[in-house]
Amino acid sequence: MTTLTQAVTAIMMLLTAATAGAQEAVQMRKLQMAAYAMMDAYVDPVPGDTLVEAAIEAMLGKLDPHSTYMNADEVKRFEEQMSGKFYGIGITFNMLADTAVVIQTLPGSPAEEAGLLAGDKIIAVDSTALTGRRMDAGGVTSLIRGAEGSTVRLTVVRRGLDSPTDFDVRRGKVDVKSVDVATMLAPSTGYVRINNFGATTADEFVAAASDLAHRGMESLIIDLRGNGGGYLGSAVDIISEFIGRGKVVVSTVGRGGERRDITARAGGRLRSPRVVVLVDDFTASAAEILSGNIQDYDRGLVIGRRTFGKGLVQNVLDLPDGSMIRLTTSRYYLPSGRLIQKPYKAGHSDDYANELLDRYRHGEMFAADSIDFPDSLRYTTLRLGRTVYGGGGVMPDIFVPLDTTRYNSLHRELVARGCLNRAVLTWLDTRRGQIAAGYDSERDFIDRFTDDGTLMQALTDDARAAGITPDSTLLAEARPLLALQLKGLAARDLWTTAAYVIITAPLDAVLQKALAVLRDGTYEEILGTKR
């Protein structure tokens, strides 16, 4: 099968050879003449690449919302993200004012080998000083990343050293995990969070699930909230672990109406655990295929809020300068036959982008019965014949409303202004080693740590520095929730993101609902025990 790039090249050759009266050839000639006239005769010089990119983007703007153009730099960043690898030094950091504070060095990374430590403050990258520049995390990242084998000099302030120290770090390949949390939330309940579907996601997921199985997992919660999708093949490989080989995972239908079935591959290693998938309105594309398959085959339950609704498939057209077009070439259908692409009008991208805000305005986030699907969008699951719907995302089996009452106005402002993260960084700055040494393990910290008042004081100090005067009544009301979040952030910075998930789980209504459904018999009531 030819690629989209090969197909377009063939079409261009045919158009070039077409008779002068062919409509397609006339339109192509028209476009060429207009571009040439602007580049050659316009009163001011106009760069050709500027005109061409504007023309491509304008043409794509007349199509569906997911046909897009990416310039060469954007393509490079996209490919790094999806490959799970990039060339850098292997640190995670947070910005504290105009300083990058190292949170973790990845095991075996160039940063670890060079001697960087958690708590180090990076004040300059090569000859570029960070202090006084108000550079964001993205700007610092772009300075640190570079060609494989090249060297970056970091100027670091470290507690206990009298003066800044330079570290020359040789950039290397850094693996980025798309399965960023895998842990046990209860004695027999595992939890895995997938933040996107990249080239290595399926392998990461299988490894995580295998580890959890050895730790006694009988039920698995897969968190796809905020997962915008990625490589379809990775989602298919994961689905194959839950359903029988050869079963249809997704069908695509293109311009000519030809149907292509993509089926489950070898796998089947997760046929026994009970499964719950967590979704929200930012769960999209490949993540919807995974959650939709679990639902269609009655293999598990989907809990949360209606997913985004992206059922369009893009193929890549590589352009000569390294840029690309992601062009919609087909629609995909779930095993039940439903299309989950939400409605759109070609060329009306603003309306499409505002659809999630419309859900909020219409009350959908707060009540499932505010969603009214016509009977024409009704489908049934493949084993139990339960009702599911197409036409706009995956509707969860169990709806969990958005709770806007749990957090008071002070709490929301502290979070919005970044006070919690900064407070934890400030607090850890003087006691990181002391705290880490005071606990045998991450689990020990989770079980035993209690704020002696200094962590909450760091938060109130940061709030005042940010221009917020905490109302004593509102602060007392918010204190229990703030304490959990602060403890979770401290555990994340000292150990892993999994520690944050475990500590803050009581604040997560969707996760709590999943745990309850697995605990109280609701799972069996809906799906039965026979698969």
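The model is predicted: local features need pLDDT of at least 70, side-chain atom pairs count only at pLDDT 80 or more, and totals for chains, interfaces and linings use all residues. Residues are numbered from 1 along each chain as its sequence is written, and side-chain values use heavy atoms, with hydrogens and water left out.

**Whole protein**

The protein has 20 helices and 21 strands (DSSP runs, numbered from the N terminus: helices are H or I with at least four residues, strands are E with at least two). Its radius of gyration, taken over C-alpha atoms, is 26 Å, close to the 24 Å of the globule rule for 531 residues, so the protein is as compact as a globular protein of that length. That rule is 2.2 Å times the number of residues to the power 0.38.

| Property of the protein | Value |
|---|---|
| C-alpha box along the principal axes | roughly 80 × 65 × 45 Å |
| Buried residues | 44% of the 531 residues |
| Contacts joining residues at least 24 apart | 69% of those between residues at least 6 apart in sequence |

Buried means under 20% relative accessible area, exposed over 50%, and partly exposed in between (1.4 Å probe, protein chains only). Contact means heavy atoms within 4.5 Å.

**Arg 245**

Where is Arg 245 placed? Arg 245 sits in the loop between α8 (232–240) and β13 (248–254). Its relative accessibility is 69%, so Arg 245 counts as exposed. Beyond its neighbours within four places in sequence, Arg 245 is in contact with Ala 264, Arg 265 and Ala 266. Ala 266 is 21 residues away along the chain, and its C-alpha atom is 5.8 Å from that of Arg 245.
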